[in-house]
Number of protein chains: 2
Amino acid sequence: MSSNGDRDGDDGRDRDRDDLAWETLGSDTDYSCPGFDVRRDDVRLPDGTETDFHYVDEPQTVVILPFTPDGDVVLVEEWRQAVGRVNRGLPAGGVEDDDADLVAAARRELREETGFEAESFEQFHTVEPANGFANSVHHYVLARNCTRSTNTDLDFNESIRPVTADYDRFRDAVFAGSVRDGRAVIGVSMYEHADREHTRRD
Amino acid sequence: MSSNGDRDGDDGRDRDRDDLAWETLGSDTDYSCPGFDVRRDDVRLPDGTETDFHYVDEPQTVVILPFTPDGDVVLVEEWRQAVGRVNRGLPAGGVEDDDADLVAAARRELREETGFEAESFEQFHTVEPANGFANSVHHYVLARNCTRSTNTDLDFNESIRPVTADYDRFRDAVFAGSVRDGRAVIGVSMYEHADREHTRRD
């Protein structure tokens, strides 16, 4: 019924699955646009009712938190049509079929969106940003010792400007609530916590 | 061009808008399903190219972080069809036309999904969880001194069980990476930071 049977955790996965679980009777793509598909699943609810449920279907995404050797963060300023403003956030993009793994996807997206190359990559967190209406999975990848090595390689409709910024100022803006971008909020706050834990262990 | 002209912040809003901004030439609903619409905007890119862009269009959402008088957190265990698993997370739902404001929406959603009533509410953070493909805005609302007062009032296809849980254990699970739900990650991490700041000021 679920492909997640090999996972368990403190967030309810594998808890009392049978009481709440829906049975999937069928699944089709109901709509397609350049950015994503919408799937319609035919389902049976726990009380036996048969209905359908629609959700956004998109590839897994890597979100990169890239640091320069000086400790600055590499950000992208990007037009976000859905919210009608320029967004200052972390480089990110969908995993493609040719990407061998998440690190390869992160390396490619960092290069395409910023022109920077990193010395090393490390995945440090994974979330589902909107699992009420989308199957999106965002993998957060730390990129260390990033230096500019090439020009950006943008899709025709990506309006992106890479910038380097003082990391502490950006972190403070996240915590002050003046950064609306959810990826930046999760990337910075989870990195800050992991960093504190790491410092405590040393 | 943008309805966000009254805002500014450290995340790039209002920075060099004209260099990156797209011009919206028209907008229509391209698809509808029970959970959301997809809008298609006809746009002109900064280089003059005319194209279109599709994104999920949904109402603003409230996400509630509810505490009992004992300091436990009220959570919902809910089947999430998009990711095929039971999700343990924060009560949340879309703002409806009849909601006078965000607090009214939070009060209604908390009651419907958990049967709990709060003594007071306070909005403490706002993010766009996926502004690359959706105009979703999530408002985080702290609910204090919650007590159970009524039965839940669920939509026919909501498979939800309210639970109270030890807050420290849930927070630790968020920071350990075993909670995949993005709303829970943002709610807990931003609350933790605000709480630390508050303690420092006292």
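This is a predicted model: local features need pLDDT of at least 70, side-chain atom pairs count only at pLDDT 80 or more; totals for chains, interfaces and linings use all residues.
Start with chain A. It has 4 helices and 12 strands. Of its 202 residues, 55% count as buried. Look next at how the chain folds back on itself. Take the contacts between residues at least 6 apart in sequence: 53% of these join residues at least 24 apart.

Chain A is divided into two parts, domain 1 (17–57) and domain 2 (61–201). Their C-alpha centres lie 30 Å apart. Where the two domains of chain A touch, 4 residues of domain 1 are in contact with 4 residues of domain 2. Together these domains bury about 330 Å², and 49% of that is on carbon and sulfur atoms. The count of salt bridges between them is 0. Polar contacts do occur there, in 3 residue pairs.

Now bring in chain B. The size of an interface is often given as the accessible area lost when the parts come together. For chain A and chain B, that area is about 7600 Å², with 57% of it on carbon and sulfur atoms. On the chain A side, A:Leu20, A:Gln81 and A:Arg180 lose the most area to chain B, together 11% of what that side buries. The contact involves 81 residues from chain A and 80 residues from chain B. Across this interface there are 6 salt bridges and 23 residue pairs in polar contact. Helix H4 (residues 182–201) of chain A gives the largest share of the chain A side, 8 residues.

One pair that crosses between the chains is B:Arg180 and A:Glu128. Their side chains meet in a salt bridge, 3.9 Å from N to O. B:Arg180 sits in the loop between helix H3 (167–176) and helix H4 (182–201) of chain B, while A:Glu128 sits in the loop between strand E9 (120–127) and strand E10 (138–144) of chain A. Are these residues buried or exposed? B:Arg180 has 16% relative accessibility, so it counts as buried. A:Glu128 has 1%, so it counts as buried too.

A:Arg161 has partners in both chains. It forms a salt bridge with B:Asp19, the closest N and O atoms being 3.5 Å apart. It also forms one with A:Glu77, at 3.1 Å. A:Glu77 lies in strand E5 (residues 73–80) and A:Arg161 in strand E12 (residues 160–165) of chain A, so this pair ties together parts that are 84 residues apart in sequence. A:Glu77 counts as buried because its relative accessibility is 2%. A:Arg161, at 23%, counts as partly exposed.

Other salt bridges link residues within chain A. A:Arg171 pairs with A:Asp168, with the closest N and O atoms 3.4 Å apart. Both lie in helix H3 (residues 167–176) of chain A, 3 residues apart, about one turn of the helix. A:Asp168 has 40% relative accessibility and counts as partly exposed. A:Glu96, A:Asp99, A:Arg108, A:Glu109 and A:Glu112 are linked in a network of salt bridges. Over all chains, the whole structure holds 43 salt bridges.

End with B:Glu58, in the loop between strand E3 (50–57) and strand E4 (61–66) of chain B. B:Glu58 is buried yet has no salt bridge. The nearest side chain of opposite charge, B:Arg183, is 8.3 Å away. What does the side chain of B:Glu58 make a polar contact with? The partner is the side chain of B:Ser136, at 2.8 Å. Beyond its neighbours within four places in sequence, B:Glu58 is in contact with residues including A:Phe133, B:Phe36 and B:His138.

Terms used:
Residues are numbered from 1 along each chain as its sequence is written. Chains are lettered from A and ligands numbered from 1 in the order in which they are written. Side-chain values use heavy atoms; hydrogens and water are left out. Helices (H or I, at least four residues) and strands (E, at least two) are DSSP runs, numbered from the N terminus. Buried means under 20% relative accessible area, exposed over 50%, partly exposed in between (1.4 Å probe, protein chains only). Lys and Arg count as positive and Asp and Glu as negative; His and the chain ends are not counted. A salt bridge is a side-chain nitrogen of Lys or Arg within 4 Å of a carboxyl oxygen of Asp or Glu. A polar contact is a pair of N or O atoms within 3.5 Å; within protein, one must be able to donate a hydrogen and the other to accept it, and residues adjacent in sequence count only if both atoms are side-chain atoms. Contact means heavy atoms within 4.5 Å. Domain bounds come from an automatic or database domain assignment. Buried area is the accessible area (1.4 Å probe) that two parts lose on being put together, summed over both.
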